[in-house]
Amino acid sequence: MLLRATEQLSLRVCSRCRHDLVQAQRTGTKIFIRARSSQGVKTAVRSANSNLSRSSVSGVYPDTPRYARPPNHPKPRLPQEGEEKRRFTLTPEQLPDHLAQAVRTWAKKPHVARRLCAFGIAEKDIESLLTSYTGAIRAHGVLQALEYDDEQLTRMVEDLTHADNNGMLDIYLTKLLFEWAHHSRGRADLETEVSSATLSKMSELFELSDLSHPAALYPETRRARPRRVIMHVGPTNSGKTHNALRALAAAKSGIYAGPLRLLAHEIWERLNKGQIVPLGVDPDKDAEPALDSNLDAADAVPIIRKTGREQYARACNMLTGEEQKIVQEHGALLSCTVEMVPLMSEVDVAIIDEIQLIADPDRGGAWTNAVLGVNAAVLHLCGEERAVPLIEALLRDTGDELVVNRYERLTPLHVAKESLHGDLSRVEKGDCVVAFSRTKIFELKKVIEKQTGMRCAVAYGRLPPEIRSEQAALFNKPNNDYNILVGSDAIGMGLNLKIKRIILDSVRKWNGTREVLASTSQIKQIAGRAGRFGLHGEDDSGGVVTTLHEGDLQVVRRALEVPMQPIKYARITLNADLFGAVVHALPQGSDSNDALDVFQYVSKVHPQFAIEDVARMKDKVEFVNDIKDGVTIRDRVMLQSAPFPIKDERGSDIVRSILRLYEDKLQVGFQEALEDAGFWEQFEESIETLESLEPIPKGMLGEMLQFLESIHKVLVTYLWLSYRHPIAFIEQEEAFKLRDRTEKAMESCLHRLSAVRGKNKMSRRAGEAAADAREPKIEYISSRDLMHRRTTKAHAHSLRTSANAEEESGEATSQSELDARSAT
């Protein structure tokens with residue numbers, strides 16, 4: 001009855017007024033009524049009146065007609081100083097009033113003037129600039145001049161009403177100021193108020209930071225023929241990458257790009273060994289499937305074989321941030337992490353895995369680069385259904401064809417009728433217990449092993465991917481002591497696990513500032529790992545998900561019942577060219593933080609996009625800003641992009657040592673950096689102790705493991721830097737050796753933490769060494785070796801050219817002399 005009463009109200013009354021008129025009819029039930037779309041907003045803006053006298057706007061926009069406000073139409077209410085931040089009601093129709101109400105207070109804030117000075121605006125012009133802008137906003141002339149469409153206005157409203165986006169009003173008022181000053185209408189009104197240098201600087205910063213057309217940042221791809229984009233979407237355990245992988249194996253040239261080094265390595269290995277059945281070839285129904293695959297490519301007929309065939313083998317190279325394996329110098333196939341996708345290469349087929357990560361605030365820009373920039377005739381995007389609307393919107397600007405293939409889960413997934421009621425003794429063989437913190441994982445592991453007598457494998461984000469994979473293999477292996485897995489939400493991607501039942505320790509997780517409910521997507525991703533197709537023999541009953549505590553079970557049940565909400569924004573990463581151009585435009589002495597402020601407060605961003613987490617980027621910038629001299633802008637951007645473990649206290653200390661040595665010597669050895677940070681002796685002692693057979697107290701083992709996790713993260717960073725700046729980070733080979741020793745020591749730690757007296761078996765790495773030795777090895781060289789080979793060839797060619805020239809001039813060079821020069 002309430003909804004029908006609302007519908008009978010005249011649509012000429014705004015949504016807020018309709019809401020107020022039916023307020024008396026409301027009961028305890030919450031009714032959400034969709035507000036009108038922003039259709040007609042531009043008309044309302046054009047006819048708007050600030051309810052100020054003409055004199056109050058000092059002649060700005062004298063032609064602006066008066067705004068007829070509906071009777072008793074409430075002004076949007078701003079959160080007052082000191083009040084708790086919360087979502088407030090705002091519609092696109094109310095946006096001009098909202099900005100007009102806020103602009104005068106905003107313009108008087110000292111930080112606004114300081115920011116404009118930092119951007120190079122002349123101090124003498126700031127007061128006049130803000131006065132003119134305040135009048136234009138209050139007259140509703142700025143939005144009228146800029147002619148924002150419905151999509152842009154809706155995005156502004158969403159951002160301004162989001163409870164977690166503190167300072168959004170400050171951001172948007174600054175953005176509108178620079179765009180208005182750049183626009184011909186605003187420029188005309190400001191020419192008599194501020195200097196031409198100020199207007200030029202504002203236009204320059206706006207143009208350099210403009211991200212309103214992201215697809216245009218990839219001109220080579222836009223000039224190429226339109227691509228055929230095929231989305232393969234479905235839940236976990238639906239086999240959604242099946243057809244994409246077969247297309248890659250059959251392609252003349254192609255790229256696989258995934259989120260993890262582990263997945264890139266698996267594709268590289270399986271293509272080189274001929275384990276993926278190409279498209280166009282009938283799979284052998286009797287072939288034994290590769291049950292250890294981490295890819296969501298299962299099917300009734302296996303297309304990833306346990307043993308390869310020579311006729312399926314393809315030469316494929318591998319490229320990740322910290323490791324490069326070259327099988328064939330000009331190989332047609334490449335397996336890489338998403339950040340390493342070569343955008344200039346023209347290929348027949350490309351696969352971008354886990355496409356929903358395009359919205360990730362830290363790494364999403366890499367997926368955006370790949371989707372908009374990879375130059376492939378056919379582009380396969382694999383991931384979750386919730387990415388489809390965003391990809392559709394992105395491809396409207398590229399002119400590409402889009403096909404969406406949807407997949408269903410291959411085995412059923414059930415929610416248990418009851419929880420474990422807090423009793424960990426009810427954990428069974430084949431269970432996976434999921435917690436959201438490292439500390440909690442080890443607490444659960446200790447209690448479960450004590451109460452059940454079974455050993456637990458562990459998997460969490462701080463462990464290297466190789467060790468997570470090995471722990472998964474221990475859990476999967478039949479007739480093994482490791483009958484239970486305890487892990488974080490890291491189990492949700494890139495691991496093939498023989499889990500029958502998922503048990504969530506909690507449905508709440510720490511987000512860095514407070515505990516929040518895990519998202520529907522996270523719960524679905526974790527729960528979907530139970531009952532993976534093909535891993536449980538003839539048992540096709542599927543998987544089960546439950547919780548440790550009864551109160552959480554209903555949350556899980558609701559999460560699995562509701563459809564996923566579509567992701568809204570693709571993230572944009574700031575490359576060296578964009579960043580460098582803005583730094584050059586800022587006043588002398590400006591640093592990277594000032595450049596980031598330009599992108600945060602000036603850049604006009606397409607409504608379907610958002611810049612990657614600026615706060616996190618600023619944390620990295622603080623490290624790099626310690627280097628004062630002798631570093632180019634491009635090198636600064638490179639260092640800011642490095643995977644520094646800034647939230648790790650030990651890791652941060654070592655990174656500071658690396659940067660200090662880089663500034664002083666322009667060459668950094670890894671051992672030297674550890675010595676400078678005071679950790680080398682502890683590192684050596686930990687490794688040597690774990691390599692021995694001496695018993696170690698479990699309390700000390702836990703401390704050693706945490707210490708080695710920090711060292712491993714810095715080793716990964718050092719290897720990343722060694723590929724991008726090999727002259728400065730010179731100990732790549734030594735760092736690889738130390739990384740391997742560290743991983744073996746960490747594995748030993750985990751093994752000893754789970755050891756049962758009398759059952760101290762050797763690790764999987766040692767136990768399978770003989771089996772690995774029997775596997776055919778893939779011959780490859782490193783990119784450093786390849787560079788050396790190319791340099792040697794170029795030098796030899798140069799010598800021969802020189803010798804030929806000498807012969808022509810009558811100064812013949814003997815072959816022995818030529819060989820001697822080449823050797824030198």
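Buried means under 20% relative accessible area, exposed over 50%, and partly exposed in between (1.4 Å probe, protein chains only). This is a predicted model: local features need pLDDT of at least 70, side-chain atom pairs count only at pLDDT 80 or more, and totals for chains, interfaces and linings use all residues. Residues are numbered from 1 along each chain as its sequence is written, and side-chain values use heavy atoms, with hydrogens and water left out.

**Exercise 1.** Check the span of helix H11, then find its buried residues and what they pack against.

*Solution.* Helices (H or I, at least four residues) and strands (E, at least two) are DSSP runs, numbered from the N terminus. H11 covers residues 196-208, 13 residues. The expected span is 1.5 Å times one less than the number of residues. That gives 18 Å, and the end C-alpha atoms are 18 Å apart, so the two agree. Its buried residues are Thr-198, Leu-199, Lys-201, Met-202, Ser-203, Leu-205 and Phe-206. They pack against helices H6, H9, H10, H21 and H22.

**Exercise 2.** Locate Ile-491 and list residues it touches.

*Solution.* Ile-491 lies in the loop between strands E12 (482-487) and E13 (501-504). Ile-491 is buried, with a relative accessible area of 0%. Not counting residues up to four places away in sequence, Ile-491 touches several residues, including Cys-432, Val-434, Leu-485 and Arg-529.

Definitions and conventions
Contact = heavy atoms within 4.5 Å.
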